[in-house]
Amino acid sequence: MEMTAIPADRRRKKNIKIASLLLLGVLLFFTFFSNTLQSLTLPKVTTVTPQSKSLEFTLEGSGMLRPVKEVKLQNDNGWKPREVLVQEGERVKKGQRLILYDSQSAEAGLQEEIALLDKQKLGQQTLQDQFIQTYAEGDELQIRKARREIEAGKQDQARQARKIAEMRDRLTAEQQLKAPFDGIVTRLNALPGILSPGEPDVVLSSSREGFQFDFTADAGLLSSLGITVGEKLEVEVQSAEGPSARILTGKIAEIKSAQARAGSSAGEDTSGAEDIAQKTVFIVMNDGSLQGGEQVQFQLKKPSLQEGVVVPTKAIHQTGGRSFVYTIEEQRGALGNTFVAREVQIRSSITNGPDSMIQTDNLYGDEMIILESSEPLQDGNRVRLQ
């Protein structure tokens, strides 16, 4: 009996041990299974690793070429053009005659002044005759009076002669319109025998100064790219005769402040609500084949001067005037590792559209950043990696 009881006791202990192990296995199985089920309900996220590099931007602009130096010429007397000697688009030299004017009224006025001078000369002769007679009579008082009248007559004649000379010079100058410099006739309003009130007779542009166009860009973007006066770039010039285009060199001649625009910047983003500073960039082109009026455009790809942490722009979130990204924090546990979303505040950023260079206080290049999530996230949410 004792020999039989011992094996039975051993079997009972063995069965208890087996049952305990089975129970522990079942508990472990359900624990892991429940964790697995729970993890399946967590937001599913995709991640990217930020890169440390510069950010490439594309600077674009377009416009129509116009002269750098341009003058509007007209006849200040309001005379009608008698003959137009040039055509629109024609190149002219300094001093070349452009328009001849009808100056009949001015010529008539000049003849009247000449006739007045002749009359004064006749009057002077009469005074001289009277002086001779007075001198012969020996009346000293009358002699002095006659001398004064003769001197006054001479002064009147001198003034009249100067007036006539000035009128002749002015008439000679205003009878014709001359080019003040080498240039191109960009607009011609004058027609023979017809006045053009409110419009200049000729608009002349300097061919030596070249042509220019301008565009407006975010000041932050220009600063990030180091765009400066004197920088050269290639410009596509559309031909006026057809669809063909040429590539010519342009040079940045001036950068000046422009009116700020509202909205988030294409180059810099701090709060998203402030006005964005703007700059107007003037590009000058000097090529003998240019006429003015050509349509031009350019596209300049250039990396930013600084390097930094670059992430996809869609990984950046904005709420209540603040910007941040979510990083992945890995937490180790006995039943496996879990992943938690953590907010990282962005102090400033610049963007070229798809990508952004961000500045933060606690983001390093080897961390994972959440790019997309199947559900909205908050700081501290557990997530599952896709």
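**First stop: a glycine in a loop**

Select G380: at 30% relative accessibility, this residue counts as partly exposed (buried means under 20% relative accessible area, exposed over 50%, partly exposed in between, with a 1.4 Å probe and protein chains only). Before you move on, know that this is a predicted model, where local features need pLDDT of at least 70 and side-chain atom pairs count only at pLDDT 80 or more, while totals for chains, interfaces and linings use all residues. Residues are numbered from 1 along each chain as its sequence is written, and side-chain values use heavy atoms, with hydrogens and water left out.

G380 sits in the loop that joins β21 (369-373) to β22 (382-385). Strands here are DSSP runs of E with at least two residues, helices are runs of H or I with at least four, and both are numbered from the N terminus. Leaving out neighbours within four places in sequence, G380 is in contact with V340, A341 and R342, where contact means heavy atoms within 4.5 Å.

**Zoom out**

Show the whole protein chain as a cartoon and you have four helices and 22 strands. Of its 386 residues, 32% count as buried. Among contacts with a separation of 6 or more, 74% link residues 24 or more positions apart.

**Into the core**

Next, select L59, F213, I283, M285 and F298. Within the largest nonpolar core, which has 28 residues, these touch the most other members. Such a core is a set of buried Ala, Val, Leu, Ile, Met, Phe, Trp, Tyr and Cys residues joined through side-chain atoms within 4.5 Å. Elements giving two or more residues to this core include β2 (51-64), α4 (219-225) and β15 (295-312).

Which residues is I283 in contact with, beyond its neighbours within four places in sequence? Among them are F211, F213, L233, I252 and F298.

For a second, separate core of 20 residues, pick V86, I99, M167 and L204, which are included in it.

Two strands pair if DSSP finds at least two bridges between them. To finish, look at P81, which stands opposite Y101 in β7; β5 and β7 (residues 97-101) pair over three bridges.
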